[in-house]
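Trainee: Could we go through this model one feature at a time? I would like each cut-off stated once.

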Amino acid sequence: MSEPRVRRAEIAIEQAHVDRVYTRLDELRVQAEAMRTKGYEIGQGAQREAIFEQASMLFERDMMVYHANQTLQTLDAEYEGLVFGRLDDREGERTYVGRLGIRDAEFDNLVTDWRAPAAAAFYQATAEEPMDVVRRRVIRCSGQNVLDVDDDVLIADAVPEDMAIVGEGALMAALGRSRGEKMRDIVATIQKEQDEVIRAPWRGVTEITGGPGTGKTAVALHRAAYLLYRYRRQLGGAGVLVIGPSGVFTSYISRVLPSMGETNVELRALGEVLDGLEATRQDPAPLAAVKGSLRIRKVLLRALRDTPPEAPEEMRIVYRGEVLKLNARELEKVRRKAHTQGAPPNRQRIRAAEMLLDALAAKAEQHAKDDGRQIDRAELITDLGERIDFHRFLVVWWPVLYPAQILKWLADEKRLAAAAKGILNRQEISMLAADFADRSRGWSIADVALLDELRVLVGPPPKRKRRQVVEVEPERSGGAPTRPEHYDEYSHVVVDESQDLSPMQWRMVGRRGKYASWTVVGDPVQSSWPDPAEAASARDQAFGVKTARRRFTLRTNYRNSAEIFDLAAKVVAGHAESGELPVAVRRTGVEPEVRPVEAAGLAAATQAAVKELLGAVEGTVGVITAMDRVPEVAGWLSGQADERLKVVGSLDSKGLEYDAVVLVEPNDLITESTTGRRVLYVALTRATQQLIVLASNPDWIPAA
């Protein structure tokens, strides 16, 4: 039976059990409501009894009603996603794990409370110490509906022939069942190296590196679940933050890390790290390189210290019949002096007002000296400081600054050129200004780090009453967050696809982990960032001073067939150090197919390849193309309505996998990125079963 059919069958099995659990839950609710009703009836009866009996009956009433209400409250609170796991042991016994312990009418266990000792193996069992667990299953539900299941095999050679395995655990079971000693050695090695990472000490920084298909992400997430259970006192209160490259990734995490009845795991994509924003758009590689470099921070700092576009160029105020004026040059001198104080401008308004008053007093004193008069400087400053016209000027001349507002100012190329003088070249300035001028598509993922940097540089705006979220821009506000705005006290931070974080993104992530230990997942060979040294420096700064730093490398690729991975390895061979590429251990006998096509026939060739693969596999088919060609390629396939078909850009394909892949014009992937062959390598390793490459130019394959 194919994997999709096995998955559907297993979902149906778990749905039947979940239905039984909720049926029992309804029965318990009816019993609790009956108990509460009976308690009220006892209370009414007490009013008719003798005084000496009333106290006893009223106490009984109170206890019955209290316990009934407590039961109903618990049943209602734990209703959503009640069942989230299952354990199967060597004896064939199964234990369901969930938010609440529930027994049937015969007192047989339907669900074990996740806090009970019997459920500990769901979090603590590993391949090295399986605690007699053969299969651990995560069950993902929405309400009463089972959406998906995913299995871990912890004792591969104990999996019965009739036990269906779903997800990545299926390969582990197949390897464990193999009669060949070599395969048994491989599965033992895979499990051992992953187990060492999962159980590594929680303090300091744990780095997990490895190529495609080595299970880095799954290991990191299992590590997070293990740490939460093993070190709950140290980690549970402050919470765990998990950051991934996309919303697709966080959806996957929600399946691997069940909620456990708590709210201490927060999942965010890179475009969602800043509260109040959700960016999904990728910038072209040259533009992203400018926004991600630490050079841009100097530009932002200059920009926020520049005179706001709508600020008045002259100040005129009448004092005792005399007009006191400050021209543009004098106002700018005051502004520069105020910014030298070092505090964020949103906290400097009072100091800026004092400096303006000092400048006005100096003017008045000069006029008085010219006329042979004297003035009381302190009195003048006090009088002007209380004037409404002075405060109206101050509000416009030194306005509250918002991050988005400053980036919009930089859409003016002249203003940007002044801020970027000696930092960016003319081409970079033009490219950046044009992008900031076009807000029709919203903010990009790279913009989020700039907005977060500006948030810190300008400081928080004045607090407003009944406002729960600090604004990113004047017209924007968000809902109530689960934690304080821009929370930075997480106890543990997990970062996936870390090799792609720009230096500016590392600064943003680092602010959230000031007091945290870290689990960092990545693969240098897959990096799309052009300056690894700059990113590494920013990453180290984000980690801060940690007590320990350890690095693990996973070397076994069990996602791709060896045939597919051999092609990917050939493409990236000149860009990887010895030992950086994993070893694919699974051979299918199906070679990837490279089809030469004419550019004019690319649409028809794509349609034909997609139709072929949809018929060949029961699972998903991904069509991967250059980022700027996604709408075009999706248009070619608009007539093939199949929910299994996905069209994605090269950068968006990271972290994803498909049963079969059609890769369109590999040369486009190379030329669109500053690290093109690395991006192509990623795209070629998304397929688990079959791969078809459509190319009008053979130059993407290195010469032998």
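Trainee: Which residues does the UniProt annotation "binding site" cover?

Mentor: This is a predicted model, in which local features need pLDDT of at least 70 and side-chain atom pairs count only at pLDDT 80 or more, while totals for chains, interfaces and linings use all residues. Residues are numbered from 1 along each chain as its sequence is written, and side-chain values use heavy atoms, with hydrogens and water left out. UniProt positions follow the numbering used here, with feature names shortened, and annotations may be inferred rather than shown by experiment. According to the unreviewed entry, the annotation "binding site" covers G210, G211, P212, G213, T214, G215, K216 and T217.

Trainee: Is G213 buried or exposed?

Mentor: G213 sits in the loop between strand 7 (205–210) and helix 6 (216–230); helices (H or I, at least four residues) and strands (E, at least two) are DSSP runs, numbered from the N terminus. Buried means under 20% relative accessible area, exposed over 50%, and partly exposed in between (1.4 Å probe, protein chains only). Because its relative accessibility is 8%, G213 counts as buried.

Trainee: Which residues does G213 touch?

Mentor: Contact means heavy atoms within 4.5 Å. Not counting residues up to four places away in sequence, G213 touches T556, N557, Y558 and R559.

Trainee: And with which residues is G215 in contact?

Mentor: G215 also has its place in the loop between strand 7 and helix 6. With a relative accessible area of 11%, G215 is buried. Leaving aside neighbours within four places in sequence, G215 is in contact with Q194, L554 and Y558.

Trainee: Which residues does S498 touch?

Mentor: S498 lies in the loop between strand 12 (492–495) and helix 19 (503–512). S498 is buried, at a relative accessible area of 12%. Beyond residues up to four places away in sequence, S498 touches W506, V520, V521 and G522.

Trainee: How much space lies in the second largest pocket?

Mentor: On a 1 Å grid over the protein atoms alone, a pocket is an open set of points with protein on both sides within 12 Å along at least five of seven lines, a cavity is a set where a 1.4 Å probe fits but cannot get out, and lining residues have an atom within 4 Å of a point. Grid points are joined across faces, edges and corners, and a volume is the space filled by probe spheres set on the points. For the second largest pocket this space is about 730 Å³.

Trainee: Which helix gives the most to the lining of the second largest pocket?

Mentor: Of the 38 lining residues, the closest to the pocket centre are P245, Q282, I445, L651 and D652. The elements giving two or more residues are helix 8 (247–256), helix 9 (285–292) and helix 18 (445–458). With four residues, the one that gives the most is helix 9.

Trainee: What volume has the second largest cavity?

Mentor: The structure holds three cavities of 30 Å³ or more. The second largest cavity is lined by L304, D306, P308, R335, H339, P345, W398, P399 and L401. Its volume is about 50 Å³.
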